[in-house]
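Hi,

Here is the structure I promised to pass on. Have a look at it first, and then read on for what turned up.

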Amino acid sequence: TSSVDVDAVPTISADGTKLTYEAGRPDHVEIRARDLASGRETTLTPAPGRFNWPRISRDGSRVLYGLQDGEHRPFYVVPIGGGLPEKVCDNCGYPWSWSPEGARLLFVRTSSTPNVSCLEVGVTQGQAVVQHAKDGLFQGQFAPDGQWIAWMETPLALRSRLVVAPLRGCSPIAESDRIPVTSGEAFDDYLAWSPDGRLLYFISDRDGFPCLWALRLDLATRRPQGVPFAVTHFHSARNAFRHVRGGLSVGRDKLVLNLTETTGNIWMAQPEGVQ
C-alpha cells in the first residue's frame, strides 16, 4: 500500500491471494480487503470508526475484526466481498487468529488476569485456554494443522518469550504442555507460522533493531531445532517495523508486514519584521 493513511495490522489468506488491513487514523479507521491479483479493494466497515485488528480466515472468505465501543470490545465477521457484518462476540477483547477449518477463534483479554481465549463460532462466550496472573499474554496463533497454538508472554519490561502448546478443541492448556521456544532475553513479537508448521516467524530486537527472524521447530513435538536465524533485517531509519499497530502474516508464497516510512525536512523562514 502507499497512501497518506496509516496502513497497519495486515493479514493474508493461506493461499496468498487476499489481504486485509486497517487504514486511517485513530478513531477514524476502515477495515479494507484487497484482491492481490486484480488489485480490487473493498471497504468492509460501514463507516470509519474505532475498528481494529482485522483477521482474514485461512480460506479467504471471511474477515474478523474488533471494535472499541466504550468499555466493550465486540467482534464482527463480514464476507470478504463486503456485506452486513455479524456480531460474534459482545465483549471479548482483541481478535488474533482463525482455526484452519474456520470454526474457532483465538483472542486476547487484557483484564486483571490476562489470558488467551478460544471461541467457537456460533457460541457467544469464549473459554480461556492460557492465563497468567503476573505475565502479560498476547496474540495467539493457530498452527496450520489447528492442533497447536503459539503466543507471546512478557515476564519483564521490554523482554518476551514465545510459547507453543497443543490445543484440544477450546479446552484449557495445562502448564506441563507449554513449551517456551525462545529464551526471553530479547523482545520477540508478532509471531506467525509457516504454511507447513515447521517454522515460527517473528519480529525480534535481538540484534538491536526490530527485524524478521525465524525458528525451526520439530513437526511432531514442536520443540526448537537450533537457534533463531535472521530472515530479513530492517536497519534503515526510513523503513522500520512499527510495534504499535504492527502485523506479520504468512501465506503460501509470501509474507506480509507493515513498515513505517519516516522522512524529515529542514525548513528555513525569516521572522516578520526582522531584517
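Leaving aside its neighbours within four places in sequence, which residues is Asp-7 in contact with? They are Thr-1, Ser-2, Tyr-21, Glu-22, Ala-23 and Asn-258, where contact means heavy atoms within 4.5 Å.

Before the rest, a word on the ground rules. This is a predicted model, so local features need pLDDT of at least 70 and side-chain atom pairs count only at pLDDT 80 or more, while totals for chains, interfaces and linings use all residues. Residues are numbered from 1 along each chain as its sequence is written, and side-chain values use heavy atoms, with hydrogens and water left out.

Asp-7 lies in strand β1; strands here are DSSP runs (E, at least two residues), numbered from the N terminus. Asp-7 counts as buried at 15% relative accessibility, given that buried means under 20% relative accessible area, exposed over 50%, and partly exposed in between (1.4 Å probe, protein chains only). Its side chain makes a polar contact with the side chain of Thr-1 at 2.7 Å. A polar contact is a pair of N or O atoms within 3.5 Å; within protein, one must be able to donate a hydrogen and the other to accept it, and residues adjacent in sequence count only if both atoms are side-chain atoms. For a sense of distance, Asp-7 and Trp-98 are 91 residues apart along the chain, and their C-alpha atoms are separated by 22 Å.

The largest pocket holds about 450 Å³ of space. It has 19 lining residues, and the closest to its centre are Thr-1, Asp-7, Asn-258, Leu-259 and Glu-261. On the method: over the protein atoms alone, on a 1 Å grid, a pocket is an open set of points with protein on both sides within 12 Å along at least five of seven lines, and lining residues have an atom within 4 Å of a point. Grid points are joined across faces, edges and corners, and the volume is the space filled by probe spheres set on the points. β1 (6-12), β2 (18-25), β23 (255-257) and β24 (259-261) each supply at least two residues of the lining. The largest share, four residues, comes from β1.

**Ser-249**

Ser-249 is found in strand β22 (residues 248-250) and is buried, with a relative accessible area of 8%. Its side chain reaches the backbone nitrogen of Ile-12 at 2.9 Å. Neighbours within four places in sequence aside, Ser-249 is in contact with residues including Pro-10, Thr-11, Ile-12 and Ala-192.

**The four-stranded sheet**

Next, an open sheet of four strands, in the order β9-β10-β11-β12, with antiparallel pairing. Its edge strands are β9 (94-98) and β12 (127-131), each of which pairs on one side only. Two strands pair if DSSP finds at least two bridges between them. From one strand to the next, the twist averages 30 degrees, with axes as lines fitted to C-alpha atoms and angles running from 0 to 180 degrees between N-to-C directions.

β9 and β10 are joined by four bridges, and Pro-95 stands opposite Phe-107 in β10. These two strands form a hairpin with five residues between them, and Gly-102 in the turn has a positive phi of about 75 degrees. β10 (residues 104-109) and β11 (residues 115-120) pair in the antiparallel sense over six bridges, with Val-108 opposite Val-116 in β11. β10 is mostly covered, with five of its six residues buried.

Also in β11 is Ser-117, buried at 1% relative accessibility. The side chain of Ser-117 makes a polar contact with the side chain of Asn-115 at 2.5 Å.

**β5 and β6**

Six of the six residues of β5 (residues 51-56) are buried, so this strand is largely enclosed by the rest of the structure. Four bridges join β5 to β6 (residues 62-67), and the two run antiparallel. Ile-56 has Val-63 as its bridge partner in β6. Their hairpin has five residues between the strands, and Gly-60 takes a positive phi near 75 degrees.

**Ser-183**

Last, a loop residue. Ser-183 is found between β16 (179-180) and β17 (188-193) and counts as exposed at 54% relative accessibility. Its side chain reaches the backbone nitrogen of Glu-185 at 3.4 Å.

Cheers

Methods: 1 Å grid on protein atoms, 1.4 Å probe; cavity = no way out; pocket = protein on both sides within 12 Å on 5 of 7 lines; lining within 4 Å.
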